[in-house]
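Please open the model in a viewer and keep the sequence panel at hand.

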Amino acid sequence: MSERHVWRFAEAGRRLAATAADLGVQAPSFRTPPRVAGVDRTIRRAGDGSVLVSVRSRGRAWAAVLADMIEGVVHANDLPPQEAARARNELWAATADIDAAAPPAESPELPLQANAEIPRAA
């Protein structure tokens, strides 16, 4: 999994948790991937009231991953339709610029020996 991908998932989780708190609803924890094979999202409720939203992120479009994280917040709080719509709007707005804020993808560097000659193309 790329560093950029991990950063986006973690940053989305932080922003969604902060926005959920601002909305006065419970902020779930997020992890990837779900423990159940073949599903994109699971929600697990613990006895202490905490909620864990697991989202499959590998091999999926970022928008789909983010949508599952946002829906996880909505479902974790069992929000009625009007509150759910408002929460979705706020959660999407809070995460709108994650791609722009992400650190640039690093390009792998090949190690060269000191004073090594680089062959020229003929």
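This is a predicted model: local features need pLDDT of at least 70, side-chain atom pairs count only at pLDDT 80 or more; totals for chains, interfaces and linings use all residues.

A residue is called buried here when its relative accessible area is under 20% and exposed when that area is over 50%, with partly exposed in between. Thr95 sits in the loop between helix 3 and helix 4, and because its relative accessibility is 3%, Thr95 counts as buried. Apart from residues up to four places away in sequence, its contacts are Ala12, Arg15, Leu16, Leu66 and Ile70.

**The whole chain**

Next, colour the protein by secondary structure. Of the 122 residues, 33% are buried. The accessible surface is about 8100 Å², and carbon and sulfur atoms account for 52% of that area. Among contacts with a separation of 6 or more, 56% are between residues 24 or more positions apart.

**Helix 1**

Select residues 3–23, which form helix 1. The buried residues of helix 1 include His5, Phe9, Ala12, Leu16 and Ala20. The cover over the buried residues of this helix includes strand 1 (29–31), strand 3, helix 2 (62–76), helix 3 (81–94) and helix 4 (98–101).

Now show the side chains of Arg15 and Glu11. They form a salt bridge whose closest N and O atoms are 2.9 Å apart. Both residues lie in helix 1, four residues apart, about one turn of the helix. An α-helix has 3.6 residues a turn, so residues three or four places apart point the same way. Arg15 and Glu11 are both buried. Just after the helix, Gly24 adopts a positive phi of about 80°.

**The nonpolar core**

Which residues have the most contacts inside the largest nonpolar core? Select Leu16, Phe30 and Met69, which hold that place in a core of 22 residues. Helix 1, strand 3, helix 2 and helix 3 each give two or more residues to this core, and helix 2 gives the most, with eight. Centre the view on Met69: leaving aside neighbours within four places in sequence, Met69 contacts Phe9, Ala12, Gly13, Leu16, Phe30 and Val55.

**The hairpin**

Select strand 2 (residues 41–45) and strand 3 (residues 51–55), an antiparallel pair joined by five bridges. Arg45 stands opposite Val51 of strand 3. Five residues lie between the two strands of this hairpin, where Gly49 has a positive phi near 95°.

**Salt bridges**

Nine salt bridges are counted in total. Select Asp40 and Arg56, whose side chains meet in one of them at 2.9 Å, N to O. This pair links distant parts of the chain, with Asp40 in the loop between strand 1 and strand 2 and Arg56 in the loop between strand 3 and helix 2, 16 residues apart. Asp40 counts as partly exposed at 32% relative accessibility, and Arg56 likewise counts as partly exposed at 31%.

Then move to Arg45 and Asp78, a salt bridge with its closest N and O atoms 3.6 Å apart. Arg45 belongs to strand 2 and Asp78 to the loop between helix 2 and helix 3, so the pair ties together parts 33 residues apart in sequence. Arg45 is partly exposed at 46%, whereas Asp78, at 58%, counts as exposed.

Finally, select Asp40, Arg41, Arg56, Arg60 and Asp68 together: salt bridges with shared partners join these residues into one network.

Key. Residues are numbered from 1 along each chain as its sequence is written. Side-chain values use heavy atoms; hydrogens and water are left out. Two strands pair if DSSP finds at least two bridges between them. Buried means under 20% relative accessible area, exposed over 50%, partly exposed in between (1.4 Å probe, protein chains only). Contact means heavy atoms within 4.5 Å. Accessible areas come from the Shrake-Rupley method with a 1.4 Å probe; for residues, only the protein chains shown count as cover. The expected span of a helix is 1.5 Å times one less than its number of residues. A nonpolar core is a set of buried Ala, Val, Leu, Ile, Met, Phe, Trp, Tyr and Cys residues joined through side-chain atoms within 4.5 Å. A salt bridge is a side-chain nitrogen of Lys or Arg within 4 Å of a carboxyl oxygen of Asp or Glu.
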